[in-house]
Amino acid sequence: MIRTRARWATAGLAVTALTGLSACSAGDAPAAGTPDEAAGPATIEVWGWNAETGEQIAEAFNEAQDDVTVEYVLQASNTATQTNFQNAMEAGSGVPCLVQGFAPLTTMVVNGWAQDISAQVEASADLYNEGALAAAQVDGRYYGLPSGSDGQFYIANQKTFDKYDVEVPTTWDEFVEAGRELKEHGVDITNLAGEDPSILMNLAQQAGAEWFAIDGDQWVVNFTDDRTLAAADVIQPLIDEDLVSNQTYMDKPALLEYFDSGKMASTTTQWWSLTGYQTGFPDSSGDWSAHPIPQFADAAEPVTPGRTLPSFVPEGCESPEAVVAYSDWLTTPEAIEAGRNKETGAVGFPVQIPDASPMSKRSSRRTSSSATRSRARRSSRPRSA
């Protein structure tokens, strides 16, 4: 569960990377998605890069009710969305009513892009879990849609840990000590890519750091608080004592080959990475086990860091209530089923809702049924001579 107090850390270094973008005046943007009772339902334009199911979800929503019409505009990528959106805001035309998050929410607020939708979100807050609600806020106000997060967990090459009689760590102190034990056998405890700052961001968030805050009309930036230094105290001995590898993420085949080699014992990950690991670990796929992410020794309760880039309603859209109605519908079983990939049968996990277990059971039953039908089809085929 993501703590509200840690929400600033999710912004991380990406805000710094985008501070060069010019601030946009909300007053110059057109009224997008304006409801017109005489013309029928409110029409809102939604931008996203979900090429697999984005359009079919929007179509299912349009068929399910008569109050709002969603027009899904497929973008080429995260980067293309950012470029196209910035151009639209600067031009003052063609601004959509809902944009899939392409940067931390603080960036959207700093640049004057995201409007305050607190009144609309608060009216249906009970549809969302604590982490989703926290991640959609800046300074206690909702500037994003509660979209959940990619909570992390820890995977360990159990075969490697067992081979050298090392316990899988449950705290970060144990993690560093396990690194020292494994190093004696030429095994790295994990990988720290030189170009990736996410491990510091995640550890700082987990520790409870607040890198960004608002004081009146000013931003307060603090990268040297005690909780961030606690995160740095985990990373520093890993570097000083050469307990980690430094494989780059820029060469994914080489990275996966190294992970698969047994020379790296563990890593933190998210659910969406597992498909790539399953196909990228041909030699060790059965050797890995999942565990809760290690904790700081002084933690009062287990805390899992998670990253999220909430979708937001741009300044200029006059139908935020229509957008939130669409967002609320996305929490329903019908909406989640509408997002099922027609080719693979996969369905996105609804990380924003309070209890996803009923959805998991529905999906499991459907998968089991599909597998049974598939086996039946195979058994009915004539055997080759």
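These questions and answers cover the fold, cores and surface of a predicted model.

Student: How many helices and strands does the protein chain have?
Tutor: The chain holds 385 residues, and 47% of them count as buried. Contacts with a separation of 6 or more are 76% between residues 24 or more positions apart. The secondary structure count is 15 helices and 14 strands.

Student: Which residues touch the most other members of the largest nonpolar core?
Tutor: That core has 30 residues. Strand S7 (153-157), helix H8 (172-183), helix H9 (198-207) and helix H10 (226-240) each give two or more residues to it. Apart from it lies another core, of 28 residues, with Val46 and Tyr326 among them. In the largest core, the residues asked for are Phe161, Ile189 and Phe296.

Student: Which residues does phenylalanine 161 touch, leaving out those up to four places away in sequence?
Tutor: Phe161 belongs to the largest nonpolar core. One of its contacts is Ile189, itself a member of that core.

Student: Why can valine 110 count as partly exposed?
Tutor: Valine 110 sits in helix H4 (residues 105-110). Buried means under 20% relative accessible area and exposed means over 50%. Valine 110 falls in between, so it is partly exposed, because its relative accessible area is 40%.

Notes
Residues numbered from 1 in each chain as written. Predicted model: local features only at pLDDT ≥ 70, side-chain atom pairs only at ≥ 80, totals over all residues. Heavy atoms only, no water. Core = buried A, V, L, I, M, F, W, Y, C linked by side-chain atoms within 4.5 Å. Buried < 20%, exposed > 50% of the residue type's maximum accessible area, 1.4 Å probe, protein only. Helix = DSSP H or I, 4+ residues; strand = E, 2+ residues; numbered from the N terminus. Contact = heavy atoms within 4.5 Å.
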